Amino acid sequence: MAKSKDARIRVLLECTNCVRGGVNKESTGISRYITEKNRHNTPGRLELQKFCPYCYKHTIHGEIKK
């Protein structure tokens, strides 16, 4: 199957606080969000401030590979 040439692609955002050095002791999981980005306007990795229900605060969520 050929890759799509569309500008908008789907990306996964994962909490960097929960992931750093494995899952934290107080965290019971890893927070993930699904969003879209424009490949032409944002060629680098996307990082957004989102709420992590496992950390109970707003943290930086970075783009990961699917």
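Analyst: One term is needed at the start: two strands pair if DSSP finds at least two bridges between them. The model is a predicted one, and the part to look at is the hairpin of strand 3 and strand 4.

The setting comes before the detail. The protein chain has 66 residues, with 1 helix and 4 strands. Read from the N terminus, its elements follow the order β-α-β-β-β. Strand 3 covers 47-52 and strand 4 covers 57-64, with a loop between them. These two strands pair in the antiparallel sense, and 6 bridges hold the pairing.

Now the loop itself. The hairpin has 4 residues between its strands, and Y56 sits in this loop. Most residues other than glycine have a negative phi. That is the reason to stop at this residue. Is Y56 buried or exposed? With a relative accessible area of 68%, Y56 is exposed, because exposed means over 50%.

T59 gives a contrast, and it belongs to strand 4. T59 has a relative accessibility of 8% and therefore counts as buried, the cut-off being under 20%. Which residues does T59 touch, apart from neighbours within four places in sequence? Its contacts are C15, N17, L48, Q49, K50 and C52.

Two of the partners can be named: L12 is bridged to I64 of strand 4, and E14 is bridged to G62 of strand 4. Strand 1, residues 8-15, pairs with strand 2, residues 32-38, as well; that pairing is antiparallel and has 7 bridges. In it, I9 has K37 of strand 2 as its bridge partner.

Figures for the whole chain complete the picture. Of its residues, 29% count as buried. Among contacts with a separation of 6 or more, 50% come from residues 24 or more positions apart. The chain exposes about 5,200 Å², and 52% of that is supplied by carbon and sulfur atoms.

Conventions: Residues numbered from 1 in each chain as written. Predicted model: local features only at pLDDT ≥ 70, side-chain atom pairs only at ≥ 80, totals over all residues. Heavy atoms only, no water. Buried < 20%, exposed > 50% of the residue type's maximum accessible area, 1.4 Å probe, protein only. Contact = heavy atoms within 4.5 Å. Areas by Shrake-Rupley, 256 points an atom, 1.4 Å probe, with all protein chains shown as cover.
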